[in-house]
Each structure stands twice: as C-alpha cells, then as structure tokens.
Amino acid sequence: MSFLALMVLIVYESRWVYPEIQAYFSQTGNLTGQQLATRSRVYLQNAQSELLADQPEQEAFAAAITDIELSYGLSDMHVYRHQYECTEPSLRILNRVLARLEVAEIDRVGAVGELFGPIQCLTHIEMDQLDQRGAAINDFSVSTRQHNQVLTYSSLLIFVMGLVFWWLHERQLRRTDHATQETFEWMQRAMRDPLTGIGNRSALHQDVLAKQHQSLGLILIDIDFFKQYNDAYGHPQGDTLLRQLATLIGETLNDEAQLYRLGGDEFAALLRCPDTETLKSYCCQLIEGIRAADFAHPAHPDKKGVTFSVGGSRFMADEATFAYAYEAADKALYRVKAAGRDGWQVTEDA
Ligand SMILES: Nc1nc2c(ncn2[C@@H]2O[C@H](COP(=O)(O)OP(=O)(O)OP(=O)(O)O)[C@@H](O)[C@H]2O)c(=O)[nH]1
C-alpha cells in the first residue's frame, strides 16, 4: 500500500516538472512587458534626440510625432494601465505633447522636457517587470530543488523497500525449503525401521503401489526360534542379529530386492520376478545363505545355527493383488513352520 503511495508521489512529482517549466517559459507578461516598456522608452528617447537634432523644426516635429505615436502604441496596454499608476498620466502627457507638436504650439526644449515624465514611468515599469521575472526565476529554482529532493528520496525509499522485500522473500523461501526438507526427512524416517535401517510395512505398501502392473515376487522371511535366541543371548544381542540378518538377506539376493522388516523377527523382500522358478531360486538362495552364514544359536531345539522359514508368492502388482499375495506368502511360510522350519515354500498363482 505504502509502495503504491510512493509510486503515485513520484508520478505526481514528475508530472509537476513539465507544467512548471511551461509556466516559467510562459512568463510572457513579464518578459514581453519588460521588452515593450524598453522599446516604448527607446522611442521616446529617440523622439527627444530628433527634437534636439540639428534639423529644421518641421522635420524634427514630424520625426518626434512618429516616435511618440509608436511609443504610445506600446505603452497603451491593459497590463500597464492596470498595474502601474504612472501609466495613465504618462499617456495623457504623450497625447498632449502630440497634439501640441502637430500644431507646433510647443518648442523643442519644452517637448523634450515633457517627455521625461513618461520616460521615467516606462523605466519604472521595466525595472519592476525585471524584478518580477527575477522573483519568478528564483521561485522556480527553489521549487525545482524541493521537487527534485522529493523525487530522489522517494526513489531511494523505493529502492530500500525493494531490497527489504527481496530479503523477506529470500528468507521466506529458505524457511519453506527448510520446512520441506524436514517434512521429507520425517517422511523418510516414518518409512524406515529404526533398528535395521531397511523399510517398514508402510514402505512395502508404498513400493508395491509404485510398481503397478509389474510382475513381482514377495518373500516373507521369519527367524526360527528367535524367542529362544533372545532368551539365551539377551535382547541387545538379538537386536544385533536382526541387523546382521538384514544385511545378509540383502547380500544373498544380490541387492536386487527391496527389504523390509515387518515387525518382530519377520522380514520381507520385494523383487522383480518374471516367473515362479525365479521366485523359488530366490527362496532357495536365502535358505542356503543363512546356513552358510552359520550364526550360532545355542538355544535352537535342533542344535542348528540360526535358521529361516521362508514363504513366497508371485503377483502382478496393484493394491488388490498385493493383499492376496501377502496372504499367500504368509500361508506358505506357515506351512514351512508347520513342517519343522528351516525351509521354504511358495504358493503358485497367488
Ligand atoms: N531382540 C529383539 N527381539 C524382538 C524384537 N521384536 C520382537 N522380538 C522378539 O522376537 C520374538 C518372536 O517370538 P515368536 O513370535 O514366538 O517367534 P519365534 O520365537 O521365532 O518362534 P517361531 O517363529 O515359531 O519359530 C519375541 O520373543 C519378541 O520379544 C526386537 O526388536 N528385538
């Protein structure tokens, strides 16, 4: 709002300059007024010269009459009559002198003397018109200086306001960026399992939705007798094992799978899977991988190391088929558990 007011002020100040210059240069009253009075005075002085010149009286009178008439014409102006009290009496004197010159009822010296009054009046008019012009010039330069100052300060203010707005805008931009970054990081964290760093159940759902219409394999991996492992080594060691197993699963699947911890001791792997044979080979690799890793598990009932039960299913990714695929993989896993664990099964055509 204040910005708009400043702009209006600048436009007003700019518009002011032109009419003011016009007003100055159209001081015709003063300029012309002074020039006419000067000419009129010069004619009267010429008339005096003619009267005093060494020439026949008749010629001198004729020349003087012409000069006085010219002077009269230039003096007989409304502005002079209106502004200067001496004008009317001067014109009357000129009229009288003219009349007397025409009938030769006045001598040369007398006529010259009569003209001094009007000359004095015209000199006064000239001086006054010059003073008025000087005052107008002075006023004009003062006003110009003031308006220039207003223009300069307003422009400066606008510049500073522009800088402030730019700074505020930049600051807001930085804050928004920061907030967006924070939100993004929170969302990332909300999708991660804090213990192992791999995705959680929400991430699994999201990733499936992002792979619409792709042929995928879902593999559920459950640690056998993990409760006993915790009991034997304690929870901190159990946590360490969970982290190690997350790494092992990733390496075993050649980092082609996206991994998730669904809670407790259950992991999931999601990977591209063109056919069931591929899915089976991944499951087989997992069982062989955990056996080869040979993690100690003293509380394992069969005295084996840590083992997995693995169930898998294959599906064309979308929201509805994922629910069936999950259920199918879970059933396969359950069958492995029921069959004694440490093995894998897949459900065909989920
Ligand atoms: N260390 C650790 N243990 C966990 C965590 N989450 C769950 N558990 C434990 O995992 C164990 C899972 O026990 P169960 O569901 O009976 O599974 P299990 O002992 O592996 O038995 P089966 O699956 O039938 O072979 C429980 O004892 C939980 O306390 C965790 O974040 N860290």
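With 10 C-beta neighbours inside 10 Å, Asp294 counts as exposed (exposed means 12 or fewer other C-beta atoms within 10 Å, buried means 20 or more, and partly exposed lies in between, with C-beta atoms placed from the backbone). This is a predicted model, in which local features need pLDDT of at least 70, side-chain atom pairs count only at pLDDT 80 or more, and totals for chains, interfaces and linings use all residues. Residues are numbered from 1 along each chain as its sequence is written.

**Confidence**
- The protein has a mean pLDDT of 90 (the predictor's confidence in each residue, from 0 to 100), and 93% of its residues reach 70 or more.
- For the complex, the predictor gives a pTM of 0.60 and an ipTM of 0.98.

- Asp294 is not a glycine, yet its phi is positive, near 55°.
- Asp294 lies in the loop between helix 10 (276–293) and strand 4 (308–316); helices (H or I, at least four residues) and strands (E, at least two) are DSSP runs, numbered from the N terminus.
- His213, also not a glycine, has a positive phi of about 70°.
- The loop between helix 7 (201–210) and strand 1 (215–223) holds His213, which is exposed, with 9 other C-beta atoms within 10 Å.

**The two sides of helix 7**
- Ala203, Leu204 and Val208 are the buried residues of helix 7.
- These residues are on the same side of helix 7 because they cover an arc of only 135° around the axis, taken from the directions from the helix axis to the C-beta atoms.
- Gln206, Leu209 and Ala210 are exposed on the other side of helix 7.
- Cover for the buried residues of helix 7 includes strand 2 (258–263), strand 3 (266–272) and helix 11 (319–338), where contact means C-beta atoms, placed from the backbone, within 7 Å.

Methods
Two residues are in contact if their C-beta atoms, placed from the backbone, lie within 7 Å.
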